[in-house]
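Trainee: I have a structure open and would like to learn how to read its features. Could you walk me through them?

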Amino acid sequence: MATFLFDSIVFGPVRSRRLGVSLGVNLLPTNSKVCSFDCIYCECGWTASMDSGNLPTREQVRWALDKKLSQMRLMGDSLDVITFAGNGEQTLHPEFAGIIDDTIQTRDHYFPDARIAVLSNATMLHRPDVNEALRLVDQNILKLDSAFENTIQVLNQPLIKFDVSKLVEQLKQFRGNLIIQTLFVRGRIKNQIIDNTTPEEINAWLKLIAEIKPKEVMVYTIARDTPAHDLTKVSIDELNEIAQRVTALGFPVQVSS
């Protein structure tokens with residue numbers, strides 16, 4: 001499948017279907033995906049490694065972001081958000097917390113009204129530095145694709161020890177200062193049927209949303225090519241039905257298809 005990798009530290013800006021005019025920041029190699037998950041739907045393809053070597057330095061990231069933001073301000077460009085999302089899991093970078101500090105300072109200098117967002121699979125929440133850094137950003141967007149361990153093992157294929165109940169407890173510790181993102185999809189992988197839209201799946205997921213109490217929920221489906229071939233988008237009508245149930249719980253929800 002024609003999955004792709006981001007080929008620079010800073011990329012865009014692009015119009016994100018969820019975030020608006022977004023300038024991307026990639027803290028991982030430009031020639032391979034580094035992640036703690038191997039999601040069957042990831043637009044960056046299969047995970048090459050969890051090895052976080054050969055990464056851009058904190059200084060390289062600061063310089064690249066400063067250069068791009070200064071150019072954008074000079075040109076009179078608009079910017080809604082600086083988004084940490086690239087070739088895998090951004091919080092694997094050992095200098096992630098320091099980079100967030102630098103980004104806040106740089107943002108405040110050039111585009112003080114822009115938000116800072118981090119898209120994360122939430123597997124590094126056990127690291128105190130990562131946990132604290134995520135509390136500083138405007139949009140702390142954390143993945144929860146299912147309430148069931150078996151579904152996550154098929155859908156997200158964790159490369160580390162993973163426990164849903166432990167993750168939920170970690171998410172609850174943000175005391176609402178987080179956004180839950182969930183990708184809904186159905187299909188088949190390695191002769192296994194995957195579908196996180198069944199009544200059982202949705203009911204269990206909604207129960208966890210009620211426990212976590214996020215400030216917002218993002219529900220979406222695949223929009224680009226995926227490394228697994230036999231996956232199907234979930235319709236906008238189905239996503240809206242899920243969203244209505246989230247709204248009924250009292251949480252704002254954003255739908256993307």
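**Rings, pockets and backbone**

Mentor: Happy to! Searching the whole structure turns up four aromatic pairs. Rings of Phe, Tyr and Trp (its six-membered ring) count as a pair if their centres lie within 6.5 Å; planes under 30 degrees apart are stacked, over 60 edge-to-face, and the rest tilted. Take F84 and F96: their ring centres are 6.3 Å apart and their planes stand at 75°, so this pair is edge-to-face. Because F84 lies in strand β3 (residues 81-84) and F96 in helix α2 (residues 96-110), the pair ties together parts that are 12 residues apart in sequence. Helices (H or I, at least four residues) and strands (E, at least two) are DSSP runs, numbered from the N terminus.

Trainee: Are F84 and F96 buried or exposed?

Mentor: Both F84 and F96 are buried. Buried means under 20% relative accessible area, exposed over 50%, and partly exposed in between, with a 1.4 Å probe and protein chains only. Now look at F184 and W205: the ring centres are 5.3 Å apart and the planes are at 85°, so this pair is edge-to-face. The pair links distant parts of the chain, with F184 in the loop between β6 and β7 (185-189) and W205 in helix α6 (residues 199-212), 21 residues apart. F184 is buried, with a relative accessible area of 1%, and W205 counts as buried at 1% relative accessibility.

Trainee: Before we go on, what should I know about the model itself?

Mentor: This is a predicted model, in which local features need pLDDT of at least 70 and side-chain atom pairs count only at pLDDT 80 or more, while totals for chains, interfaces and linings use all residues. Residues are numbered from 1 along each chain as its sequence is written, and side-chain values use heavy atoms, with hydrogens and water left out.

Trainee: Thanks. How much space lies in the largest pocket?

Mentor: The general idea comes first. Rolling a probe the size of a water molecule over the atoms shows where empty space is left. On a 1 Å grid over the protein atoms alone, a pocket is an open set of points where a 1.4 Å probe fits, with protein on both sides within 12 Å along at least five of seven lines; lining residues have an atom within 4 Å of a point. Grid points are joined across faces, edges and corners, and a volume is the space filled by probe spheres set on the points. Here the largest pocket holds about 900 Å³ of space. Its lining has 38 residues, of which R18, E43, A85, L119 and R224 lie nearest the centre.

Trainee: Which strand gives the most to that lining?

Mentor: That is β1, with four residues. Strands β1 (10-16), β2 (20-25), β4 (115-120) and β6 (179-183) each supply at least two residues. By class, the lining divides into 18 nonpolar, 11 polar and nine charged residues. Nonpolar covers Ala, Val, Leu, Ile, Met, Phe, Trp, Tyr, Cys and Pro; charged covers Asp, Glu, Lys and Arg; the others, Gly among them, are polar.

Trainee: What volume does the second largest pocket have?

Mentor: About 210 Å³. Residues lining the second largest pocket include A122, T123, H126 and F162, and by class the lining has four nonpolar, three polar and three charged residues.

Trainee: Where is T123 placed, and what is T123 in contact with?

Mentor: T123 sits in the loop between β4 and α3 (128-136). T123 counts as buried because its relative accessibility is 8%. Contact means heavy atoms within 4.5 Å. Leaving aside neighbours within four places in sequence, T123 is in contact with S36, F37, E89, I160 and F162. The side chains of T123 and N121 are also joined by a polar contact of 2.6 Å. A polar contact is a pair of N or O atoms within 3.5 Å; within protein, one must be able to donate a hydrogen and the other to accept it, and residues adjacent in sequence count only if both atoms are side-chain atoms.

Trainee: Which peptide bond is cis?

Mentor: Look at the bond from G12 to P13, where omega is near 10°. P13 lies in strand β1. Check phi as well: R175, a residue other than glycine, has a positive value near 50°. R175 lies in the loop between α5 (164-172) and β6, and is exposed, with a relative accessible area of 78%.
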